[in-house]
Structures are given as structure tokens and as C-alpha cells.
Amino acid sequence: MKKIFYSYLLTIFFFNLSYADQKGIDIAKETVKRNTGWVGSEVVFQMILKNASGGVAERKIRSMALENDKPNEGDKSLSIFDTPADVEGTIFLSHTKIKKPDDQWLFLPALKRVKRISSSNKSGPFMGSEYAYEDLLSFEIDRFTHTFLREEKCPGSFKDVDCFVVEQTPTYENSGYTRRIVWTHKNDYIAVYIDYYDRKNSLLKSLTFDNYKLYKNKFWRAHELNMVNHQTKKSTLIVYEAYNFDAAIDKSLFNANKLKRIR
Amino acid sequence: MQFFLFIFFLSLNVFAENDFSFKTELGVDYRIFPEKSTRHPNDQKSQFSGYLKPELELFPSDSKFEYKFSGLLRNDSSDDARDYFEIKELFVQYVDDKFDLTIGSIQNFWGVTESAHIVDIINQKDFREDLDGEKKLGQPSVRYRRYFDMDLFSFYIMPYFRERPSSTFNKRFSSALPVNSSSLFPGSASKNHIDFSTRFQKNLGNNDIGLIFFRGNSRDPIVTIENFNIVNTYKIINLIGLDYQYTSEDLLIKLETTNTNGFGKSYNSTVFGFEKLLPSIFNRIEVNTLLEFQFDDRNISEAPATSLDDDIFFGFRFNLNDINDTQFLIGSNIDTNDTSSFSILEGSRRFLDSYKLSLTYRGFNNYNNDQPFYFLKNDDHINLNISKFF
């Protein structure tokens, strides 16, 4: 009798667990599905870096992205730094992979040198900001395990709607996080808020998405992303100008050999 | 007046996004030499110079042609050879999706290693600028580049040769004797010899391979002494080169190797090494270790001198990843035959948004009189650089 009771308990436990996992994956799949088919985009953004004592520094970056056209590859992206002046013209090119390490290149205009670089530094900061490289990678389902936690009112400026709360654990190596908790808008399947937990599993950073706009009647893009580091009290605000989805993005630009030609 | 300047620069900004860009770097270098020079007992203990680097690019959006000019104007407190204006780039380029064609003076970089750049053979080294040989003269060229998916083929015709400049005799970094202003070009070598070079670059996943062929005037001269003067001799060489990099998540394996024919018996030069990314410190500071080995089997009685014959370079590169992009490189190059070495420390950081501060230290240790570059042995120096970017 006891045995049956335990197996009953275990069944409930595993059923709940797999239900939570399945629902987590379903939410991730729906998020990805709704953001499929944008082909290519172009955007200019400003990064505003603030330190604990109120000091501010700004960066201006032009960014282009190309949606993956093969199932086992991620997106390609290109970032061109316009300021600060001493790094003007520096270009970062990334070919995101899902199971393999990403391919990354850096073009250094002063040396006329295209350098292929190591990609393991995912937890390192991007341009001295509070964003790590891994925070800026395109969202790929297989890079995480997904566990549905609960439904609740969304945080921040989305208070009136409900959010799915899902815990995502990185499956790739060299992540700076043990996990992240993502609040996803229940109707539109867009991320609204993310908490990042460091390797010691204490709350490190929070990212707030704001000022979402709809493009081509299908693709939501946040135009203000604010990353706050709770441990250092530093923060970085990214402000996007309007996205351009109509631009016929030249696929051949995402070629390391052609970085020297980009304006 | 200031108002008009303001409007002018504002209008430049408006155009910059579409049709042209203009930028300038204005800087000063202050060099300190702690030791007495080997050349002249009263030689300078410090050296001060200022420079201006303008760069103009025109790329009309309705045209496939683009134009570029970049130059360097330097003025030095004590060495007249360092008062000059150099056109680094002045070219017109036709840009097509699959290829581009460039005519004019160009700057070109090839290679993967850090401690030496032996396959980087298009441009002449400018030792007036710095001892590291990484500053180059513009090279008049016709360049064709053909782009394939991840691969690149390029071809160069170079109708005019530029001799290697050097510091004034008796000044810091100069050679032990005065350099005769007329160089020798034996055989078919000549300043007007038409040099050719070609390179094919192939990507195979994590492996990148470059194959190089060059025929023309050697960029490195062989040095002979006549009447207490140094005479530079340039010869026609055939050079075959290979560069290779293997890239994994945190390790780069690098190789450059060349075979040079033209100075007596043909010789091989090789640089081989690793760059390993270490786990970051405080999740922020990036540390790379560099280890490179240099081999060379040339006979320096008939070929240009090199100090990198049986050497090991070991170093660390730190990137603090802070708002000011603070970076350091510390390293040492040791000759395993005679234990001579030089050490380098380079650091830089941005300040006030558009200024940059750089500090370089180079020290020469155990340099004996029988070495080709012994005259540098007391030229240990600290270079302090401040530059403003417009």
C-alpha cells in the first residue's frame, strides 16, 4: 500500500515537473515562432553607461542582423561603433551557432586588421557596459532548459497584463549565470523583465524592456532596455532608434573578409 | 567665427552618414631615455614630438567609386628625420558586390601572429615612427580583390618601391653608422621595378589558411659598410608564405612561415604560437596569454639581419572591460641562443570621452656588440602619448 502511495506521489511529482518543463518549452517555442520571418533588420542605438556615483558615458552603435536560414544555425549580427571617437569604425561580427561555439571577428580600423577571436568570453562585458555578450545573443531555445514557474501580473510598465514566469538555465558552457527568470507578456509573447543570477546563485542584474513598438504588424521590438547591476549599482540604458526591416540587408556584408569595406 | 565653425562641423556631421567622413587625431609623444646613448655622449635624454593624422573618405551613395586619403604630419624636437608628412593612403576604389579594384597608395595588413609579422610584406616599415615595425609607409598599388563565400583572392601590382626610412644618425634609435642616402639595387632590382603579389585566403570551419606569393624588391635591405657609412642594398626576391589560424572557444593556434629566395641561399622564417583566453577575473577582466616561437635559418652575411632567429615571446594581455577601455600588454622576447631579450609594457585608456592616454615601455637586456641590433642596447625608453580624436 505504502509503495503504491509513494509511486502515486512520484507520478504527481514527475507529472508536475514535466508539465512545468513542457509549458516552459511551449512558451519559448511560441516566443520564437512569433519572432520568425523578419529576415533582416538594421538599427542605430545609443548605449548610456552610468556608474554608481552618477558618471555617464555614451556609445553610438549601428547594428545589422540577419535571421538564420538554416535550422542548425543562429542569427548573424554586425555592430559598427561610431563613438567613442578612438574606436570609431571598429566592427564586431558574430555568426551565432546553437550547439557549437559562435564564430566571431573583430575589425580594427587603425591596424587594417580583421582578427578572428575566441568566443568563450560570453560572460564578459560588452564595450564596458553592464551587458554581457551572452545577454545580446539571439534567443535560441536549445541554449536553455525551461521551467514554467507561475503566472502573475507583469512587472514595470506592463502592470495591467499577465505574464508567464519561466526559469531558464543555460545549457552552453562559460555562462556567467546559474539561471535567469524571465517574465513574458502572456498575449504578445515578448520578454518584459529578466532577473539574472550569478554563479553563486545570488541576484546579479535585472533587465527591464520598455517602449515596445510593432513592426510589419508582426514583430515587437523594445526601444528601451535598462540593465541594472544590483551588486555594483552600475547600469546601462540602451535606446534604439526606429528599426528598419524593409532594408534589403546585403547578406554578403556578414562576411569577415568584407569588414574592411563597411562604412 | 566660432558659430560658423560650429555650423560647418554640424553640416559635416549631417553629410558624414551619407556621403563622406572626416576624422582627425591630434597627439603628442614624450619619450624618456633613462640610459646614456651608445652613439653620442651628449645625446638627448628625452624627445618630444607632435603629430596630426587626418583621414577623409568620400563614398557618394549613388556611385560605385569611393575615395580615401589619410596622412600623418609629425614634428620632432630633436630629430629632423622625424619632421615629415607621409601620405599613408590616397586611393580610388571601385566597389562591386563580388570584387573591388583599388588604385593608389594603400595600407595593407596580412598575418595572424602578434610578436612578428613576417607575411605582412606589402608595405615598407617606417622605423622613424617606431621601433616595432608596425607603422608602415603607403604603397602605390593596383589591387584587385575577388570575394567568394568565405574566401578571398587578391592580386597586387606595385609599380613604385619605397626605401626604408630611419632616424637621423646619432639620434635615438639610429644605427651605429650614418646611412648612405643612395641605396643599391643590383640586378633587375630598381625603384621602378614592378612588384607582384597574390594571396588566397581559405576558410575551413575553425581553420583559416592564407597562401602568399610575392616577387619584387625586398622590403628589408641587406646592410653593408663602405667608408664608415651604411649602404642599404635591395634585391629582387621571390617569397612564398603561409599563414594559418585555428580558432576554438578559448584557444587560438597561429602560424606564419615564409621561404625567401634572392639573398644568397634561400631561407625560411617561422613564427608559431598560441593565444589562450583565461577565465575572466571578477567576471569582467579578460586575460589572454601569448606564447610564440620564432625560427629563422638565414645567413646574415648574405641576407637582411633579423633579431628574431631563435626567440621565444611570452606575454599577457589584460582588458579591464571598463568604461574607459583600459588595456595592458606585458611581455618579453628572449633569444634562446645568447639570452638577449627585450621587454615591453603597453597600456592605454580613454579619458574625457575623446582623449586617449597610452604608455609604452621597452627595455633591452644583454645586448652584446656582436649582435645585429646592439646599437639599441641603451635605447630603453618610456613613451607617453596623449591624443585627441575629432
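## Area buried between the chains

In this predicted model, chain A and chain B bury about 3,800 Å² between them, 42% of it on carbon and sulfur atoms; buried area is the accessible area (1.4 Å probe) that two parts lose on being put together, summed over both. Of the area that chain A buries against chain B, 20% comes from Arg116(A), Arg261(A) and Arg263(A), more than from any other three residues.

Contact, defined as heavy atoms within 4.5 Å, links 42 residues of chain A with 55 residues of chain B.

On the side of chain A that touches chain B, strands S2 (56-66), S5 (103-108) and S6 (113-117) of chain A each give two or more residues, strands being DSSP runs (E, at least two residues) numbered from the N terminus. S6(A) gives the most, with four residues.

## The disulfide

Over all chains the count is one disulfide, that is, a pair of cysteine sulfur atoms within 2.5 Å. The disulfide joins Cys154(A) to Cys163(A), with an S to S distance of 2.1 Å. Because the torsion about this S-S bond is about 100 degrees, the disulfide is right-handed. Both Cys154(A) and Cys163(A) are buried (under 20% relative accessible area, 1.4 Å probe, protein chains only).

## Basis of the values

Residues are numbered from 1 along each chain as its sequence is written, and chains are lettered from A and ligands numbered from 1 in the order in which they are written. Local features need pLDDT of at least 70, side-chain atom pairs count only at pLDDT 80 or more, and totals for chains, interfaces and linings use all residues, while side-chain values use heavy atoms, with hydrogens and water left out.

Notes. Buried means under 20% relative accessible area, exposed over 50%, partly exposed in between (1.4 Å probe, protein chains only).
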